[in-house]
Amino acid sequence: MLASWYDDQGPAADVLHVGELPDPVPGPGEVRVRVTVSGVNPGDTKKRRGWLGSSMPYPRVIPHSDAAGVIDAVGAQVDVHRVGQRVWVYGAQSYRPFGTAAQYTVIPDHQAAPLPDHLSDELGASLGIPGITAHRTVFADGPVDGQLVLVHGVLGGVGSLAAQLAHRAGATVLATVRRTADLDRVDPAVVSHAFAQTGRRTTRLDVPPFTIDSEQGRRHWRQLLLALEQRIVLIDAYPGMLADDLSDYLFARSTGHIGSLMTLVNRGCQRAQRTGAERLTRDLLAQVRNDEAAEHARTELEYALQAGKATSRPRSARAAR
Ligand SMILES: NC(=O)c1ccc[n+]([C@@H]2O[C@H](COP(=O)([O-])OP(=O)(O)OC[C@H]3O[C@@H](n4cnc5c(N)ncnc54)[C@H](OP(=O)(O)O)[C@@H]3O)[C@@H](O)[C@H]2O)c1
């Protein structure tokens with residue numbers, strides 16, 4: 001079969017192979033699924049990158065846990081009538097080496113759930129990890145029947161499933177979306193009341209703004225950016241992405257306010273993931289709107305930074321690059 005796999009952890013371009021591997025054979029209690037759509041999740045790329053120090057759990061990994069497809073073979077003790085059934089698959093590469101980034105995947109019988117005809121393969125391949133995550137967020141503390149459940153970001157993958165699960169379990173669902181214009185996209189059959197948020201409302205912090213008119217101020221700004229870039233999980237992020245290459249730009253866009261900086265960086269990272277850019281650049285961030293206060297304040301400061309009348313980088317960092 002045609003498959004994608006890795007034998008070492010690292011960036012996709014360095015470690016992912018595409019080629020022929022032997023067709024897998026279902027063992028007792030297992031089914032084989034001919035994959036039509038393979039679902040990739042943040043967790044899949046994090047495992048490949050050795051996130052939080054995780055090591056290779058198996059000598060070879062075919063990534064991706066989620067998929068949609070059709071059962072084309074079954075092992076012993078499995079109902080042969082399942083052959084030909086459209087299914088959605090979860091957990092194929094959870095505590096197992098060979099996931100769904102391949103023409104065939106083998107999984108325990110119960111991890112291939114029937115996929116009704118009116119649901120697309122793309123949707124089926126999106127249900128696994130987001131669905132398990134949503135289920136956990138709603139039911140981790142017990143039943144929600146008769147309770148109020150608040151779902152932040154109800155238009156997202158996990159949020160939309162969480163809202164549906166909570167509604168189905170008898171809860172009254174309240175939800176947030178980012179913008180007022182998104183309120184129309186919320187399903188009133190699931191969500192009783194939806195509210196629009198802004199970054200400013202959710203990031204109010206009692207931290208005085210950073211300043212760049214002294215060497216100490218610039219050093220603090222740089223330390224903040226260095227700390228922040230450690231936490232950014234983008235495939236093509238690199239040391240110095242914020243603290244060297246975007247220092248002035250980020251200062252101008254946030255005017256040193258940590259709330260505005262976090263809003264911009266968060267939205268930039270989401271855009272970098274959605275578009276596949278996988279790193280933060282000026283061009284990408286230029287397409288991201290920051291909160292209103294920051295947008296107003298940035299114009300004047302940008303002029304000063306571009307004209308060389310001000311800089312956000314300490315002397316030592318300017319000398320290094
Ligand atoms: N996907 C998974 O399998 C998985 C697994 C484990 C944990 N998680 C975690 O679950 C969370 C959601 O992940 P996801 O995959 O569902 O992401 P997603 O599809 O990008 O959904 C996030 C949603 O939140 C909205 N949002 C962002 N900021 C908001 C704000 N201030 N107010 C209201 N809505 C806001 C986004 O709106 P815009 O589109 O307008 O930005 C988007 O609709 C993340 O924290 C993720 O790390 C996800």
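Student: In this predicted model, which residues of the largest nonpolar core touch the most other members?

Tutor: The core has 25 residues. Nonpolar side chains tend to be buried together in soluble globular proteins. The members that touch the most others are V31, V33, A67, V89 and I107.

Student: Which residues does V33 touch, not counting residues up to four places away in sequence?

Tutor: V33 is one of the core members that touch the most others. Leave out residues up to four places away in sequence. The contacts of V33 are then A67, G69, V70, I71, V87, V89, Y104, T105, I107 and A112.

Student: Which residues of helix 4 are buried?

Tutor: Helix 4 has 12 residues and spans 16 Å from first to last C-alpha, close to the 16 Å expected. Its buried residues pack against strand 3, helix 2 (42-49), strand 4, strand 5, strand 8 (148-151) and helix 5. Those buried residues are G128, I129, P130, A134 and V138.

Student: Which residues are closest to the ligand?

Tutor: The ligand is surrounded by 19 residues. Helix 4 (128-139), helix 5 (157-168), strand 9 (172-177) and helix 6 (199-202) each give two or more residues to this shell. By class, the shell has six nonpolar, 12 polar and one charged residues. The closest residues are G153, G156, G157, V158 and Q197.

Student: Is L52 buried or exposed?

Tutor: L52 sits in the loop between helix 2 and strand 4. Its phi is positive, about 55°, although L52 is not a glycine. Most residues other than glycine have a negative phi. Because L52 has 6 other C-beta atoms within 10 Å, L52 is exposed.

Student: And H64, buried or exposed?

Tutor: H64 also lies in the loop between helix 2 and strand 4. Phi of H64 is positive too, near 85°. H64 has 27 C-beta neighbours inside 10 Å, so H64 counts as buried.

Student: How far apart in space are Q223 and A294, C-alpha to C-alpha?

Tutor: Q223 is found in helix 7 (residues 215-230). Q223 counts as partly exposed because it has 13 C-beta neighbours inside 10 Å. In sequence, Q223 and A294 are 71 residues apart. In space, their C-alpha separation is 21 Å.

Student: How far apart are the C-alpha centres of domain 2 and domain 3?

Tutor: The domain assignment gives domain 1 (2-126), domain 2 (143-197) and domain 3 (215-320). Between the C-alpha centres of domain 2 and domain 3, the distance is 33 Å.

Conventions
Residues numbered from 1 in each chain as written. Predicted model: local features only at pLDDT ≥ 70, side-chain atom pairs only at ≥ 80, totals over all residues. Near = placed C-beta within 6 Å. Helix = DSSP H or I, 4+ residues; strand = E, 2+ residues; numbered from the N terminus. Nonpolar A, V, L, I, M, F, W, Y, C, P; charged D, E, K, R; others polar. Core = buried A, V, L, I, M, F, W, Y, C linked by C-beta atoms within 7 Å. Buried ≥ 20, exposed ≤ 12 C-beta atoms within 10 Å, placed from the backbone. Contact = placed C-beta atoms within 7 Å. Domains from an automatic or database assignment. Expected span 1.5 Å × (residues − 1).
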